[in-house]
Amino acid sequence: MLWRTIRSMEVMAHSSNFLLPKLHQPAKAPANNYTLVVLNQQLPRFMPRLWAQAKMRICADGGANRIFDEMSQMTNDLDRNRYIPEIIEGDMDSIRPEVKRYYSSQGSKISDKSHNQETTDLHKCISSIRHRTPNHEKPNLCVLVTGALGRFDHEAANINVLYAFSDMRIVLLSDDCLIQLLPKTHHHEIYIESSVEGPHCGIFPIGAPSTSTTTTGLKWNLSDAEMRFGSMISTSNIVDSDKVTVQSDADLLWTISLRNLT
Amino acid sequence: MPPLPTMTHSSSFLLPSPSPPAPPTGADAENAVSYAVVVLNQRLPRFAPLLWTRARLRVCADGGANRVFDGMPDLLPGEDPDEVRVRYKPDAIEGDMDSVRPEVKEYYSSLGTQIIDDSHDQDTTDLNKCISFITRNPPGPDNSNLFILVLGALGGRFDHEMGNINVLHRFSNTRIILLSDDSLIFLLPKTHSHEIHIERSVEGPHCGLIPMGAPSSSSSTTGLRWNLDNTSMNFGGLLSTSNIVEEEIVTVTSDSDLIWTISLRKHT
C-alpha cells in the first residue's frame, strides 16, 4: 500500500493483485500478504487459490462448515487436512459440532465469542485481526472476506464492518464482484487488474450523500458531481483505463466485477 | 405537528392461492390490489410461477426473458415445457437488449410480446425503464393500488443491486418490492408511519431496517425483538440487522427513508 500526498490529501492506492496467481504478481509489488476470512455462504469458485495464497485463514463460525463441506469438491482433493483454518472465531451458533471437533483436533484455534451478542461474526474477526497485528504492520494489513453477500440484512451488516474499520483495508469478495470502502479522508488511486476484474464498476454513497465527487478513468466520469440515493448514483459504469481515481466529500463504496478467476 | 398518515404493508402475494384467483367484484374491485411482475436477469426464485399467475402485467428486463424462457419449465417439471412457455409469456420485454438471446426475443415476439428497445437510453437502468413502463401502462384503473414485484433484484453483481435499490428511492411513491430466494426488501418512506403485517407462514423471523443513503437520527418500532426507540441509525454506527419479528404487526416511524428487509422461509 502506497501513501503519498497530493495537495493536502493523502493518496491511498488500491490494487487487486492479490487476485492474480502468485506467478503473475509484479516482481516489485510489496509482499501480498492477506488474511482470509470465510463467512457462512457458498464458497466462491476461486477459493482454492485464495486459500493457498493467504498468510492466515480465519473461518467465521459456519464458514468452517463451508470449508469442511465444499473445499474437497472444488479441489478434487479428498484430504481435508490440507485445508485447516488457523482460527475459527465467532459466536459458534452455526458451526456443526463435528466440524468444530475436527478442526480443533487438527490444530485450529477456536475463539469462542458467544458471550458477545452485540456484534456480527465478521466484526469479531476483524476486531481480533486488528488487535493481534503489531502497530508497525498495520499499514500493510489486508483482509479478504468471502461470503459477505447473501441475505440482505447480513449484507448490510457486513458492509457496515467496512465503515466501522475504515482505517483498515478490507475487501469483500463474491463470485461476481469485489466491494471496498473509499474513505473520504483520502484521494484514491485504484489500479485495475484487467485480466481478472472489470469492466463493470460502480460507486455508491450508502452512508450519506456526496455533494462533490470527482473521478478519472471511467467511461462516465464524475466531475464535482452530487450523488445521492433517490437521485444519481454511479452504477453500470465501465473502467476505461488502467487507473481509476476517486475523490469525494463522502465515504463511498467501490465495486468492480470479477472474471476469469480460477 | 400532525401525525403522519399510515401506510400498510403485507406480503400476502406470497401466500399460495386457489388457482385461478377469483377476480374481485363490486367495491372490492375498486380497492383491489393489482400486481405487476418484473423479471431481471438472475435465476428465477422458486415462487416465480405463483407471482406470475397473480400478476396482471408481466415485464422482462432484457435478459430476464432468457430466465423465464429457460427457468419456468424447470420450476414446473410435471408440465410440457412448450405449454409452460406459452402460458408464461411476458407482456413486454424492455431494456437495452444486450442480454436477451435473439431466439428468445423472436419466440416471444411471435407470440405477441411487446419488444421495447431502449438501447438509446444509457442513463437509466433496465429496471428503471420497466418501472416507468408499468407506471405509464398500469394494469388496473390507476397506480393507487399497484404493487410491482421484482424478481432477481438482489444478489449477483453488487452495482446492479445498488441500482435496483436506488429505483425504490427514485419511485418512492410507487409500491415496489424487490425479491430474491431468501429475502424481500421495500422502502418505508419517511413521509408515512408504517404498519407491516407479517405473514408468518412465508416470511420471517429474521428482519432488518437499513437507512440507505442517508443517516436516520430518530427511528422507532414496535413488534420486533430489539425495538428502536428514537434511535439513530447510520452506516458507521448502528443498523438494525439480524432482528427478529415477534408480533404479527411491526410498526416503524422514522425521520429518514428506511429499507425494510425480511427473510423468506425456505418452502415459500
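A salt bridge here is a side-chain nitrogen of Lys or Arg within 4 Å of a carboxyl oxygen of Asp or Glu. By that rule, the count over all chains is 17 salt bridges. Keep that count in mind as you look around, and remember that you are viewing a predicted model.

**Stop 1: one salt bridge in chain A**

Select A:Asp69 and A:Arg96 and show their side chains. The two meet in a salt bridge, with 2.9 Å from N to O. Now colour the elements they belong to: A:Asp69 sits in helix α2 (residues 63-75) of chain A, while A:Arg96 sits in the loop between β5 (87-90) and α3 (97-105). The pair links distant parts of the chain, 27 residues apart.

**Stop 2: the two domains of chain A**

Domain 1 is made of two pieces, 1-25 + 176-262, and domain 2 covers 33-175. Their C-alpha centres lie 24 Å apart. Where they touch, 24 residues of domain 1 of chain A and 22 residues of domain 2 of chain A take part.

How much area is buried between these two domains of chain A? About 2,100 Å², and carbon and sulfur atoms give 57% of it. Look for links across this boundary and you will find 0 salt bridges by the rule, but 8 residue pairs in polar contact, both residues at pLDDT 80 or more.

To see what domain 1 of chain A brings to the contact with domain 2, select three strands: β2 (9-15), β9 (177-182) and β16 (252-258) each supply at least two residues. The largest share of that side, 5 residues, comes from β9(A). By class, the side of domain 1 of chain A that touches domain 2 has 16 nonpolar, 5 polar and 3 charged residues.

**Stop 3: an annotated stretch in each chain**

Select residues 186-252 of chain A. An unreviewed UniProt entry places the feature "domain: Thiamin pyrophosphokinase thiamin-binding" there. The stretch in chain A is 0% helix and 52% strand, and its end C-alpha atoms are 11 Å apart.

Then move to chain B and select residues 192-258, which UniProt lists, again in an unreviewed entry, for "domain: Thiamin pyrophosphokinase thiamin-binding". This span of chain B is 0% helix and 52% strand, with 11 Å between its end C-alpha atoms.

**Stop 4: the two domains of chain B**

Stay with chain B and colour domain 1 (33-181) and domain 2 (182-268). The C-alpha centres of these two domains of chain B lie 26 Å apart. At their boundary, 14 residues of domain 1 of chain B are in contact with 15 residues of domain 2 of chain B.

The two domains of chain B bury about 1,200 Å² between them, 65% of it on carbon and sulfur atoms. Which residues of domain 1 of chain B lose the most area to domain 2 of chain B? Select B:Arg46, B:Leu168 and B:His169, which together account for 36% of what that side buries.

Between domain 1 and domain 2 of chain B there are 0 salt bridges, and 6 residue pairs are in polar contact, both at pLDDT 80 or more. On the domain 1 side, α7 and β7 (175-179) of chain B each supply at least two residues. That side of domain 1 of chain B divides into 9 nonpolar, 3 polar and 2 charged residues.

**Stop 5: where the chains meet**

Finally, show both chains together. Here 37 residues of chain B are in contact with 34 residues of chain A. Between them, chain B and chain A bury about 2,700 Å², 64% of it on carbon and sulfur atoms. Select B:Arg157, B:Phe158 and B:Phe235: they supply 25% of the area that chain B buries against chain A, more than any other three residues.

What holds for salt bridges across the interface of chain B and chain A? The rule finds 0 of them, although it finds 8 residue pairs in polar contact, both at pLDDT 80 or more.

Now highlight the elements of chain B that give two or more residues to the side touching chain A: α7 (158-170), β8 (183-188), β10 (203-210), β13 (240-244) and β15 (258-264). Of these, α7(B) gives the most, with 10 residues. To finish, colour the side of chain B that touches chain A by class, and you will see 14 nonpolar, 18 polar and 5 charged residues.

Note on methods
Residues are numbered from 1 along each chain as its sequence is written. Chains are lettered from A and ligands numbered from 1 in the order in which they are written. This is a predicted model: local features need pLDDT of at least 70, side-chain atom pairs count only at pLDDT 80 or more; totals for chains, interfaces and linings use all residues. Side-chain values use heavy atoms; hydrogens and water are left out. Contact means heavy atoms within 4.5 Å. Buried area is the accessible area (1.4 Å probe) that two parts lose on being put together, summed over both. A polar contact is a pair of N or O atoms within 3.5 Å; within protein, one must be able to donate a hydrogen and the other to accept it, and residues adjacent in sequence count only if both atoms are side-chain atoms. Helices (H or I, at least four residues) and strands (E, at least two) are DSSP runs, numbered from the N terminus. Ala, Val, Leu, Ile, Met, Phe, Trp, Tyr, Cys and Pro count as nonpolar, Asp, Glu, Lys and Arg as charged, and the others, Gly among them, as polar. Domain bounds come from an automatic or database domain assignment. UniProt positions are given in the numbering used here, feature names are shortened, and annotations may be inferred rather than shown by experiment.
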